[in-house]
Amino acid sequence: MAGNGVQMITAVLFDLDETLIAREGAIRAFITDQYRRFAPDLGGLDESTYVEGFLAMEDNGRIPKDQLYPVFVNRMGIRRIDPAQLLEDYRTSYPTYAVMRPGARETILNLKQQGLRTGIVSNGNARVQNAKIDAIGIRGLLDTVVISEAIGLRKPEPEIFEVATANLFVERPDVLFVGDNPEVDIVGAANAGLQTAWLRNGMNWPHGVLPRADADIDAIPELLSYPGK
């Protein structure tokens, strides 16, 4: 972890997907299962075409599923299933595939024991994101949960981070935001005046994207040695 002379923190806010939750494995497992359950009504569509087509279209979660499924069903030539049925299945079933990253729960618990406030700021459908949080069993460790759909704001808009810090009753410069997406998480949080830690997930920082994170981490437990603690 590389710190940049940051000040002490009183709270830590987390992104959800690909930060606390390893999203890539979960969404692949879900969409494979969805194919197998609905296969008799998919008109002979093969599993690989369904799974890889869905994953390509959803663009790592950037495309809202209520927009994706109608286009996906049309593109795949699916005639016997309404897109709304697959969307409802996604919203009901997908959260059950959520699994926390190694050490994430223990890290949040440790932060709480040190007296820091904690929370989540996530883009996405409120029903789905809340169900994921419940599935991984950490709601009781959080002081706030802010989801884009519920408040009409999305990262990287600074205002969504401002809502979260106001909910915690802390000053923005005293809050660390942890996320995996440089442009959405890190730049957004920094523009709102928060400190930032970037979970690299094996990636390199994109050329020309500023401001840079205050710290880079490869695993959530590294936060316990963050210079601002």
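Analyst: Bearing in mind that this is a predicted model, strand S2 (residues 117-122) and strand S3 (residues 144-147) run parallel and are joined by 4 bridges. Within that pairing, Val-121 has Val-146 of S3 as its bridge partner, and the chain passes from S2 to S3 by way of helix H6 (residues 126-136) in a β-α-β crossover that is right-handed.

User: OK, and which residues touch the most other members in the largest nonpolar core?

Analyst: Phe-14, Leu-20, Ile-138 and Val-178 do, in a core that counts 27 residues. Several elements supply at least two residues each, among them strand S1 (11-14), H6 and strand S4 (175-179), while H5 gives the most, with 3 residues.

User: What is Ile-138 in contact with, leaving aside neighbours within four places in sequence?

Analyst: Ile-138 is then in contact with Leu-20, Met-100, Arg-105, Ile-108, Ile-120 and Ile-133. There is also a second, separate core of 25 residues, which includes Phe-30, Val-51, Met-57 and Leu-87.

User: Switching to H3, which of its residues are buried?

Analyst: In helix H3 (residues 65-76), the buried ones are Lys-65, Leu-68, Tyr-69, Phe-72, Val-73 and Met-76. They lie on the same side of H3 because they cover an arc of only 120 degrees around the axis, whereas Gln-67, Asn-74 and Arg-75, on the other side, are exposed.

User: And what covers the buried side?

Analyst: The cover over the buried residues of H3 includes helix H1 (23-38), helix H2 (47-58) and helix H4 (83-93). Just after H3, Gly-77 takes a positive phi of about 70 degrees.

Definitions and conventions: Residues are numbered from 1 along each chain as its sequence is written. This is a predicted model: local features need pLDDT of at least 70, side-chain atom pairs count only at pLDDT 80 or more; totals for chains, interfaces and linings use all residues. Side-chain values use heavy atoms; hydrogens and water are left out. The expected span of a helix is 1.5 Å times one less than its number of residues. Buried means under 20% relative accessible area, exposed over 50%, partly exposed in between (1.4 Å probe, protein chains only). The arc is that of the directions from the helix axis to the C-beta atoms. Contact means heavy atoms within 4.5 Å. Two strands pair if DSSP finds at least two bridges between them. A crossover is right-handed if, with the strands pointing away from the viewer, the path from the first strand over the helix to the second runs clockwise. A nonpolar core is a set of buried Ala, Val, Leu, Ile, Met, Phe, Trp, Tyr and Cys residues joined through side-chain atoms within 4.5 Å.
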